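Subject: A structure to look through, with notes

Dear colleague,

I am handing over a structure for you to look through, and below it you will find what I found there. Please keep it open while you read.

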Amino acid sequence: MTHREGLRTDSIYFTLDGAPFRILGGSIHYFRVPRPYWRDRLLKLKACGLNTLTTYVPWNLHEPEKGVYCFSEQLDLETYIHLAAELGLWVILRPGPYICAELDLGGLPSWLLRDKNMKLRTTYLGFTTAVNSYFDKLIPRVAHLQFKRGGPIIAVQVENEYGSYAKDEQYLMFVKEALISRGITELLLTCDNREGLKCGRVDGVLQTINLQKLAYGAIQYLADLQPQKPLLVMEYWCGWFDVWGEPHHVFSAQDMIATLKELLDRGVSINLYMFHGGTSFGFTNGAVDLGSYKSQINSYDYDAPLSESGDYTNKYHLLRNLLRSFQKEELPHLPAVQGKQVYEPVVLSEHISLWESLQCVDRPFSSDDPVNMEDLPVNHNSGQSYGYTLYETTIYRGGALNSRNHVRDRALVFVDKHFSGVLDYRTQEIVLPNSERERILSLLVENCGRVNYGPALDKQRKGLVGDVTLNHTPLKKFTMYSLDMTHNFINRLQSLKWTSTSQNPLYPAFFRGSLIVEGQPRDTFIKLPGWCKGVVIVNGQNLGRHWSVGPQDSLYLPGPWLKRGDNQLIVFEEHRAEGKVHFAENPQHRKITDVSRQLFCTLL
């Protein structure tokens, strides 16, 4: 193979293989896009006038249990990078180990928190040992795909926005050496917002910036930090993420184009975050906690140029027109739009209560004190990462049940299977009805998503993380059931005897029905008007949460996850079922707000 000179930063302009090069990038996460649609999304990225694909690599999905690695099917990173090369795209890889990305725990595996002394994102031995084991599996899979070895990877990012965390001055050097020692030879870079740049430096690594508006002299500040170096906006935020109970965030297409034009006119390289956001399927979403905890929704639409389901938007067409003027060749033709289908409503004619479903759970665990999810002896002693945990104990009186703020994140409270109230961050005490007879107290605790950004990462243990008191006395002798709603659990659930919904369900409950698909399956959106809160599972695939508080009122159901004929729909509902599942061609949002008016985003 002839020698190839990688991406270099010897002047204010990048060069690639000795020729001037400008990065025109877009972020698409393989783990948020159904694998059959990878090609479609990357073709649309290239047709827009971009030349580089960027993607994070989520440790928590690739090593869901300690020492158990997944790099196939939906998580086949190598195939994704090969596909980018086949389509003529360069790749910037962002392997973390921490990635933020609005993923649970910022993409770090929750089993790390089984170590009581864990200090994430530091050179604490328990963390670095785990990172080294993971990188031993990950990096050899991608090292041969680097530019100098004939592949498309032109740069690799060292960690992610560490300047905003900055708890260990030696940590970034550790990550840098972990990459280099395993064969990474391409350009290394870091990324930070303006305020993080001063603490996110590491010798020999190019600094880049994340922003949405050209405020506070951010670009000049980066240029002053690195004289005679090329400028790269590693994350140009096209929109923003959403949290439950608040409006859907949008960002003006005109404002986006104006800012991008100014950057490009100044010779700055760019990467659009996100070019296509996709979906945080299942329980993989993260959360924010900047004084109050807020769980993120499953849709990662991000108001991006390509919508959650891969449709063109006004932003896409405006962006394509802008980028056309920076191209020497004609842009590729636009790939065809994916067809959608509004299926007829499905009646969920059968149900089974949560209490009956407990026979499908792996062996329950008993302890004098409640045990948090991560420390439960399940999943080969890697603990429980996602979903719900049921805590049960016996009580002999009523009175004040107080969580002492030990519920993470939301608990439904039952006495002898009768709903008594909700405990969460805002409501930490409810009153249980009096009775002197023996009764079963049940707390169904939901992990709504671990925080993915900020200083609270080490404090993201879920379930009951301490004592719960009744009339100021700590409750004891708990039995705990792990309800992470895995494929095995759903398969066992199917074999039980379900009851007709003509009989009143005992909530929480699972509801089941069939969607008949005639012809080629197509994308659709599931809507649940009249339902309250729960989870939607189709053909064994966990689509994510539904919750009447919004802003997300529908769940994306990709066509490739359906089949001709009978498709099984299961809805887990905590409070109230309407009985039918409806479908729509596109999602709708009840309330919308401009992200540029949000103080947090403006500061970033």
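Predicted model: local features only at pLDDT ≥ 70, side-chain atom pairs only at ≥ 80, totals over all residues.

I began with helix H7, which covers residues 253-265. Its 13 residues, at 1.5 Å a residue, should span 18 Å, and since the C-alpha atoms at its ends are 18 Å apart, the expectation and the model agree. Within H7, the buried residues are Ala-253, Met-256, Ile-257, Thr-259, Leu-260, Leu-263 and Leu-264. They lie on the same side of H7, because the arc they cover around the axis is only 165°.

At its start, a side-chain oxygen of Ser-252 comes to within 3.2 Å of the backbone nitrogen of Gln-254, while just after the helix Gly-267 adopts a positive phi of about 85°.

The histidine is His-575, which sits in the loop between strand E35 (565-573) and strand E36 (580-584). Is His-575 buried, exposed or partly exposed? Its relative accessible area is 23%, which means that His-575 counts as partly exposed, given that buried requires under 20% and exposed over 50%. Leaving aside residues up to four places away in sequence, His-575 touches Arg-410, Leu-412, Phe-419, Tyr-507 and Cys-532.

How values were computed:
Residues numbered from 1 in each chain as written. Heavy atoms only, no water. Helix = DSSP H or I, 4+ residues; strand = E, 2+ residues; numbered from the N terminus. Expected span 1.5 Å × (residues − 1). Buried < 20%, exposed > 50% of the residue type's maximum accessible area, 1.4 Å probe, protein only. Arc of directions from axis to C-beta. Polar contact = N/O pair within 3.5 Å; in protein donor to acceptor, adjacent residues only side chain to side chain. Contact = heavy atoms within 4.5 Å.
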